[in-house]
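Colleague: Hi! Could you walk me through this one?
Modeller: Happy to, let's look together.

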Amino acid sequence: MVARVLPFKVSAHVADVLVDWGRAPDDPLYRLVMPHRDMLSPADFAAVEAALPDEERLRRVVTGIRERLAPPPEDPPGGEDGQGLEHVYPDTLLVLPRQGQTCHSHCGYCFRWPQFTGEPGGRRAVHGPGAMCAHLDRHPAVTDVLLTGGDPLVMRADVLADYLAPLTGRRHGHVRTVRIGTKAVSFAPERFLTAPDADDLLRLLDGVVRSGRHLALMLHVTHPRELEPGPARRALRRLHATGAVLRTQAPVVRHVNDDPAVWARMWQEQVELGLVPYDMFVARDTGPRRYYGLPLVRVLGVYTEACRRVSGLARTARGPVMATGLGKLVVDGIARLPDGPAFALRALRTRDPELTGTLAHARFDPTARWWSDLVPYGEHDRCLIPDRGPGP
Ligand code: SF4
């Protein structure tokens, strides 16, 4: 029933190596990718069940549920070429190649899940590098380009090369940093080892570094076990040899990694593997948030306690970070203010550069899970927190 509504896909590596079937369903890697009936409300689950086997009725029921679970309007707006470019900051362009709009496995909490359902309007992608290049021509202030998806490393090396070549040449000399978001090391390490074009892919990445650009692979790693298998370790060694910098990020999600000990272990092991912990995210308010979501105060507790357990080199991750329509906001802690406790928020990076670095407070709410649940503490806090009525 759940997989009729939400995307489900699992790679051989995840099924054969990562999931501990003896501990399912409580194994965190099982929870990460496998559908569970609690991902839907009991009413939605029953509605899907009742609609079967009438495919036409099922389609209407599923579409209705997806619309309710889909990301709210705060999701970043698409680019002018038809939703495959997101010019998120004046210097940063996200590119979503059409050929990369899937992943080796799908994470149950993925905020891009509507792109994998086939619903009309769900997919946002550029159909080739032309739109990206035209956009870069018009915006010479862009210094950073992030290829994202899905997972761009599902693309064949020759297709990826079509996107990377323009970013490393003289025409777009203003592009100094190329980032690639991927979970391939965790989900499909053979991509870098035994895939027919594995060597071509490594050469391609090596070429980006030799062009003088900074190449950052933004590795999505949700649980420390993902990097334990030998193939993942060998993949990391090959990636390091290209000269790319490997950074890591993931959200805190219930059932999988909502434990400071897991994060402390993960960060420490990542440092030992030569990786740089970058961001700890708050799971977005979309998809099966009833299953994976956590109160902000709990996520903050996981971050704070994990930081206490590691040395400075392993606590480089910023967090907990909410990637909102305004930009990236970090919850710095809980402040004791005259009118009661408050979440202390800081704008790490915002679409409006003037707001970057701004501080704001939201009234403490132990049930708040996301930015849109927050209420500004005072009038001036509305700069970072949505206005939801008269306020204090
Ligand atoms: S790897 Fe990233 S894009 Fe792919 S399913 Fe997981 S969260 Fe979504």
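This is a predicted model: local features need pLDDT of at least 70, side-chain atom pairs count only at pLDDT 80 or more; totals for chains, interfaces and linings use all residues.

**Cores and sheet**

Modeller: The largest nonpolar core has 76 residues, and Leu164 and Trp267 have the most contacts inside it. Such a core is a set of buried Ala, Val, Leu, Ile, Met, Phe, Trp, Tyr and Cys residues joined through side-chain atoms within 4.5 Å; buried means under 20% relative accessible area, with a 1.4 Å probe and protein chains only.
Colleague: Which helix gives the most to this core?
Modeller: Helix α13 (residues 296-308), with 7 residues. Helices are DSSP runs of H or I with at least four residues, and strands are runs of E with at least two, numbered from the N terminus.
Colleague: What does Trp267 touch?
Modeller: Leaving out residues up to four places away in sequence, Trp267 touches Pro277, Met280, Tyr303, Ala306, Cys307, Val310, Ala314 and Ala317. Contact means heavy atoms within 4.5 Å.
Colleague: New topic: how many strands form the open sheet?
Modeller: 11 strands, in the order β1-β2-β3-β4-β5-β6-β7-β8-β9-β10-β11, with mixed pairing. Two strands pair if DSSP finds at least two bridges between them.
Colleague: Which are the edge strands?
Modeller: β1 (85-89) and β11 (359-363), each pairing on one side only.
Colleague: And in what sense do β2 and β3 pair?
Modeller: Strand β2 (residues 92-95) and strand β3 (residues 144-147) are parallel, over 4 bridges. Leu93 has Val145 in β3 as its bridge partner.

Conventions
Residues are numbered from 1 along each chain as its sequence is written. Side-chain values use heavy atoms; hydrogens and water are left out. Buried means under 20% relative accessible area, exposed over 50%, partly exposed in between (1.4 Å probe, protein chains only).
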